Amino acid sequence: SSAVSVKAEINKAFITIGDPITYTVTVKHDSSVKIVSQLNFPDQDILRIKKAQDFKKMDANNIYEGKIFTLTAFSLGEFVLTPIEVQYAEGGQTKSIKTDPIYITVKSVAEGEEKTDIRGIKGVIAIPAKYLPFLYVLGGILFALLAIFIYMRFFRKEKAEGEEEKLTRSIEDEALFQMGRLFDSDLIRRGKIKEYYFELSDILKTYFERRFKIMALESTTYEIIRTFKDQEIPQPLRDLTQETLEACDLAKFAKWKPEPAEIISINQKSKQIIELARPKEKPEVPGGV
């Protein structure tokens with residue numbers, strides 16, 4: 001049997017709304033194999049196809065053929081591009097092979113856009129050598145003064161505003177805010193699986209300490225669930241917490257590497273935990289006492 005392999009890849013995993021992305025499917029095989037299925041992009045509802053182009057090339061031993069899709073996203077969130085099944089004929093039999101799933105994050109334009117400022121190039125002005133030491137000293141002083149001004153004017157103000165905003169957020173909103181920052185980070189893309197799940201676990205445990213007044217950061221998953229039972233925390237919240245923390249433990253200590261779909265599922269369950277634990281507002285009683 002000849003070796004047949006298929007590969008799916010994108011040119012970038014983090015894109016913004018309306019940003020074009022290239023999705024390439026390549027099938028490698030020898031001349032005895034014939035591809036009998038169409039290479040159709042599977043996720044029409046997530047990404048819109050702007051252009052599709054077939055390609056085929058070969059070397060001394062193999063044929064490389066496939067399709068290049070130019071796509072655009074119009075929905076925000078984390079998505080998994082499901083595998084494409086490729087059917088091929090070999091030795092009188094029809095067989096199939098699938099691509100790997102692709103993990104992609106789509107952000108709003110405001111979060112991802114880069115600002116550019118292109119201006120004309122002016123001629124170089126010659127400065128007499130005798131003035132250079134003075135200019136260096138003066139430039140250093142001005143730079144230091146400018147740095148102090150920027151820090152006083154912007155950084156301290158931003159820090160104060162951040163602290164004020166943090167104080168006005170509920171403990172649930174603060175936990176969700178920290179999760180959002182983690183989900184938007186590039187830890188997964190850089191292969192920092194263990195670091196990602198250590199941080200996610202800490203966010204959840206910090207929330208449990210603040211909401212339920214327990215020593216969660218120093219506790220194991222088993223100890224947290226046992227404490228939840230003692231406090232008569234509702235069963236759905238206990239089950240979801242146990243499932244999520246155990247997944248974090250696998251990634252942290254057992255070197256488990258979750259698939260993209262599993263990453264999204266754990267992220268969603270983490271947010272569900274916060275919403276389930278959020279105190280329910282008591283309805284107002286008309287003409288209450």
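Among contacts (heavy atoms within 4.5 Å) between residues at least 6 apart in sequence, 65% join residues at least 24 apart. The model is predicted, with local features needing pLDDT of at least 70 and side-chain atom pairs counting only at pLDDT 80 or more, while totals for chains, interfaces and linings use all residues. Residues are numbered from 1 along each chain as its sequence is written, and side-chain values use heavy atoms, with hydrogens and water left out.

The protein has 7 helices and 10 strands, taken as DSSP runs numbered from the N terminus (helices H or I, at least four residues; strands E, at least two). Of its 289 residues, 33% are buried, meaning under 20% relative accessible area with a 1.4 Å probe and protein chains only.

Helix 4 (residues 193–212) and helix 7 (residues 260–277) pack with their axes 11 Å apart, at an angle of about 10 degrees. Helix 4 is therefore roughly parallel to helix 7 (angles under 35 degrees). Axes are lines fitted to C-alpha atoms over the stretch in contact, and angles run from 0 to 180 degrees between N-to-C directions. The residues in contact are tabulated here.

| Helix | Contact residues |
|---|---|
| Helix 4 | Y196, Y197, L200, L204, Y207, F208, R211, F212 |
| Helix 7 | I263, I266, N267, S270, I273, I274, A277 |

By class, this contact of helix 4 with helix 7 has 12 nonpolar, 2 polar and 1 charged residues. Nonpolar covers Ala, Val, Leu, Ile, Met, Phe, Trp, Tyr, Cys and Pro; charged covers Asp, Glu, Lys and Arg; the others, Gly among them, are polar.

Note on methods
Parallel < 35°, antiparallel > 145°, perpendicular 65-115°, else oblique. Buried < 20%, exposed > 50% of the residue type's maximum accessible area, 1.4 Å probe, protein only.
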